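Subject: Handing over the structure

Dear colleague,

I am passing a structure on to you and would be glad if you could look it over with the notes below beside you. Please take your time with it.

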Amino acid sequence: MFPNEKSKSAALYEQALKVLPGGNSRHTVFFQPYPIYAARGEGARIWDVDGVSRLDFINNYSALIHGHNHPEIVAAIIAQAQKLLAISLPTPNEIDLANIICERLPGVDQVRFTNSGTEGVMMSIKAARAYTGRRLIAKVEGAYHGSDDTASVSTNPNTALWGEELAPVSVPEMGSGPGAAADVILLPMNQTEASRAILRAHSAQLAGVIIDPLVKNLGYEMATPDYLAMLREETSSSGALLIFDEVYSLRLGYGGAQGATGIVPDLSAMGKIIGGGLPVGAVGGREDIMTALFDPRKGKAKLGHGGTYNANPMTMAAGAVAMRLFDRAAFDRLSALGDRLRAGLSEALAITRAEGSVRGATSMVGFFHMPGRGGTYRDTIRSRLAYPEAAVKAEKFFRYMLNNGVLMGAPGFFVLSTALTEGDIDYVLDHAVKALRTL
Ligand SMILES: Cc1ncc(COP(=O)(O)O)c(C=O)c1O
């Protein structure tokens with residue numbers, strides 16, 4: 001049972017506390033009173049250091065599209081490791097993965113690799129500024145785009161600082177440079193006309209608009225077709241660039257969110273699934289933009305971009321195999337598993353007469369213990385205030401799952417992998433009913 005003070009995980013955490021602040025290197029993997037330490041994974045299953053096995057329903061926060069240690073990905077990594085780990089020369093591997101991405105994503109003709117989604121987002125923002133010669137970036141209030149100074153403005157702003165509903169005040173994350181907030185304007189998610197007015201008021205200085213078409217931390221709020229169409233129109237008419245943050249939302253379609261929605265951005269930031277389980281990120285986009293900024297052939301490129309491990313052969317090899325395996329049939333099967341989980345969770349709420357909402361799309365499922373979580377950032381804060389018991393229930397649900405063989409994302413997220421079966425989904429559903437009865 002978790003927690004258990006005599007467990008190996010508890011002992012490891014004691015050691016970690018001495019050399020890592022709060023025993024931690026990644027806040028999203030911490031939970032009280034100590035996190036469970038992982039030993040190994042295979043397919044949909046993981047084992048902790050105490051020998052307890054669980055189904056993985058979070059998959060490294062969505063990066064592991066095929067679960068753990070897929071034999072073909074592992075074979076590619078081993079073969080590559082025996083040849084070359086890293087080198088200050090390009091390798092054929094980066095052309096291979098770039099080809100796959102450019103073929104799949106309608107808005108990506110060319111791509112540059114980085115080592116995290118944060119870096120991919122950061123380079124997309126720099127690219128928009130360098131290309132347009134303007135400074136302002138618009139983003140959705142409350143949307144998470146990684147930890148770059150600009151991208152992280154108003155990810156989770158304090159309500160005392162957030163200003164008027166239709167004129168939101170940009171709030172920098174702690175530690176950001178002094179200009180970060182001044183260079184960002186905020187849009188209320190899916191408020192088409194209000195956002196249009198904000199964009200028009202700043203159009204002369206607008207370099208780009210960045211949007212994640214499925215905002216996880218707004219309870220998997222999906223951008224409406226109207227909203228995306230408005231962003232496309234306003235960026236095109238003002239000469240700004242439309243950037244899709246597809247680090248997470250690549251899971252929305254075989255061709256990413258842009259393939260699924262039919263709205264083609266000028267630039268795309270990517271990460272997670274394209275690395276096959278190894279660290280990765282990328283920025284891609286229209287050929288004329290990418291070439292104008294990054295082509296080094298005429299002396300110095302307009303926008304410098306180094307990175308010791310950019311396009312490293314290990315990640316490129318793993319990513320190419322993972323993306324090839326994630327073909328249309330695999331995408332469809334995985335989405336059907338997501339549908340099964342969503343339908344079953346809705347049924348579990350009905351059976352137990354519990355209050356809650358089931359959200360998300362394709363392989364991403366949100367399960368919240370309050371009705372209708374979602375909307376703008378302010379709506380999600382208001383829901384939290386209206387249903388203070390929801391967070392307590394989410395924590396209890398997470399722990400019930402943890403103690404019954406399922407690792408999920410604590411606030412209510414399930415992110416699936418192709419290694420899961422219908423039986424695994426039904427296992428979760430069976431326990432969801434039992435867990436709801438204990439809340
Ligand atoms: C939408 C989005 N953008 C950017 C990032 C940052 O990616 P990374 O964690 O690889 O730096 C994330 C990470 O979860 C994300 O979900």
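This is a predicted model: local features need pLDDT of at least 70, side-chain atom pairs count only at pLDDT 80 or more; totals for chains, interfaces and linings use all residues.

Residues are numbered from 1 along each chain as its sequence is written, and side-chain values use heavy atoms, with hydrogens and water left out. Helices (H or I, at least four residues) and strands (E, at least two) are DSSP runs, numbered from the N terminus.

Helix pairs

Two packed helices are described by the angle between their axes and the distance between the axes. Here the axes are lines fitted to C-alpha atoms over the stretch in contact, and angles run from 0 to 180 degrees between N-to-C directions. Helix α10 (residues 328-352) packs with helix α13 (residues 422-438) at an angle of about 20 degrees, the axes lying 9 Å apart. The two are therefore roughly parallel (angles under 35 degrees count as roughly parallel, over 145 as roughly antiparallel, 65 to 115 as roughly perpendicular and the rest as oblique). Among the residues that make this contact (heavy atoms within 4.5 Å) are L337, L341 and L345 of α10, together with I425, L429 and L436 of α13. By class, the contact of α10 with α13 has 12 nonpolar, two polar and four charged residues, where Ala, Val, Leu, Ile, Met, Phe, Trp, Tyr, Cys and Pro count as nonpolar, Asp, Glu, Lys and Arg as charged, and the others, Gly among them, as polar.

Helix α5 (residues 192-201) and helix α6 (residues 225-238) have axes that come within 10 Å and cross at roughly 15 degrees, which makes α5 roughly parallel to α6. In this pair T192, S195, R196, L199 and R200 of α5 meet D226, Y227, M230, L231, E233 and E234 of α6, and these residues divide into four nonpolar, two polar and five charged.

Buried and partly exposed places

Which residues of helix α8 are buried? In α8 (residues 287-294) they are I289, M290, L293 and F294, where buried means under 20% relative accessible area, exposed over 50% and partly exposed in between (1.4 Å probe, protein chains only). Seen down the axis of α8, these residues fall within an arc of 95 degrees, so they line one face of the helix; the arc is that of the directions from the helix axis to the C-beta atoms. They pack against β4, α4, β12, β13 and β14.

S124 sits in helix α4 (residues 117-132) and, at 0% relative accessibility, counts as buried. Leaving aside residues up to four places away in sequence, S124 touches I210, I243, L267, A269 and V283.

Y309, in the loop between α8 and α9, counts as partly exposed at 47% relative accessibility. The C-alpha atoms of Y309 and S88 are separated by 8.9 Å, although these residues are 221 apart along the chain.

Backbone

Most residues other than glycine have a negative phi, and most peptide bonds are trans. Cis peptide bonds, however, join F2 to P3 and Q32 to P33, with omega about -5 degrees in F2-P3 and about -5 degrees in Q32-P33. N60 has a positive phi of about 50 degrees, and Y61 has one of about 45 degrees.
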